[in-house]
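Me: Can we go through the packing in this one? Helices to begin with, then rings.

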Amino acid sequence: MSSNNKIYRSIVSGVGASLPKEIVTNKDLSMRMDTSEEWIEERTGIKERRIASEGETTSSLGTEAAQIAINNSGLKNSDIDLIVLATATPDNTFPASATLIQSSLGIEKGYAYDMQAVCSGFVFAVEAADNAIKAGNIKNALVIGSETFSRILDWDDRSTCVLFGDGAGAMVLSASSDDTNRGVLSNHLHSDGRYKDLLYVDGGPSISNQVGFLRMDGKGVFKHAVHNLSSAIIEAIDYNDLTIDDIDWFVPHQANIRILEAVSKKVGLSKDKVIITLDKHANTSAASIPLALYEAIENDKIKKGDLVLLEAMGGGFSWGSTLIRW
């Protein structure tokens, strides 16, 4: 592909999603711990979440979402040249869960790897796939966000365990040399490791023989999330010489309704343009953006030609945005 000197753009050709079968409501949690339905919903916007059962894994959920995305793209599994899986909860330390998905899809060519940027993982993975397409190295990339965060939650810590859920979403990016303005217009990524102690998992193969549990300073994360998400939105808009009103849909990482409301107020965006699935999915980390994208498409919200801005922040800290013309 790179020898013909064409300029390629990454267009979205298909989106898919997969959720575990078990639904856990706020009422269910209130029967297990010292909390209430009202307390959770008022502070987070979450009403329920999906929790992976035995046999439902990051790779199995990712495979199902990926197959739906490929089917919706009109491509065959064998057309996929690259798989980038954004996840902080892989099936194994190694091999990469992306290779397990590759095998499950019957794909025997190309390459596959995991991308670890926690809740920002999907936008990081989109940038990686987009760059491979623009370089002329591949034609079709499968970008997946899949998580089983329930496996790293301390279910005795009500300040964190009520916030998260499991799920997977996927998007197929395809190379196009058409003289149109469709596709990925820009990516804007950032990291700052000074804030590791505000959001982390207290385990890992290099420091212990335990996976560990998620730990979070909620107030500290909130402060940085509002600032970083707002700046990522403005950065994408300024880079593309647009205004906030030019954007048709905002698809944020679904972390907390208060964060989303504060960001909306800070940058002056209409709440009617924000895709929200937090109430049904909770925070699914790297899976939250593609899950929200899929639901928006299924509900005939996002249409061809729309300007769609993705934005996320996660542990690390990592944060960023991606602007796409659908």
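This is a predicted model: local features need pLDDT of at least 70, side-chain atom pairs count only at pLDDT 80 or more; totals for chains, interfaces and linings use all residues.

Me: At what angle do the axes of α7 and α8 cross?

Reply: Roughly 45°, and the axes come within 9 Å. Axes are lines fitted to C-alpha atoms, for helices over the stretch in contact, with angles from 0 to 180 degrees between N-to-C directions. Helix α7 is residues 218-239 and helix α8 is residues 257-267. Helices here are DSSP runs (H or I, at least four residues), as are strands (E, at least two), numbered from the N terminus.

Me: Which residues of α7 and α8 make the contact?

Reply: On α7, they include F222, L229 and I233. On α8, I259, A262 and V263 are among them. Contact means heavy atoms within 4.5 Å.

Me: OK, and α3 with α4: what angle do they pack at?

Reply: About 50°, with the axes 9 Å apart. That makes α3 oblique to α4. S59, G62 and T63 in α3 meet S97, L100, I101 and S104 in α4.

Me: Rings now. How many aromatic pairs?

Reply: Three. Rings of Phe, Tyr and Trp (its six-membered ring) pair if their centres lie within 6.5 Å; planes under 30 degrees apart are stacked, over 60 edge-to-face, the rest tilted. Y111 and Y113 have centres 6.3 Å apart and planes at 20°, so that pair is stacked. Y195 and F317 are stacked too, at 5.6 Å centre to centre and 20° between the planes.

Me: Where do Y195 and F317 lie?

Reply: Y195 is in the loop between β8 and β9, F317 in the loop between β12 and β13, so the pair ties together parts 122 residues apart in sequence.

Me: Is F317 buried or exposed?

Reply: Buried, with a relative accessible area of 1%. Y195 is partly exposed at 24%. The cut-offs are under 20% for buried, over 50% for exposed and partly exposed in between (1.4 Å probe, protein chains only).

Me: Which residue lies over the face of W39?

Reply: R158, at 4.6 Å from the ring centre. K196 lies over the face of Y200, at 4.6 Å from that ring's centre. The rule wants NZ of Lys or CZ of Arg within 6 Å of the ring centre and within 35 degrees of the ring normal.

Methods
Residues are numbered from 1 along each chain as its sequence is written. Side-chain values use heavy atoms; hydrogens and water are left out. Angles under 35 degrees count as roughly parallel, over 145 as roughly antiparallel, 65 to 115 as roughly perpendicular and the rest as oblique.
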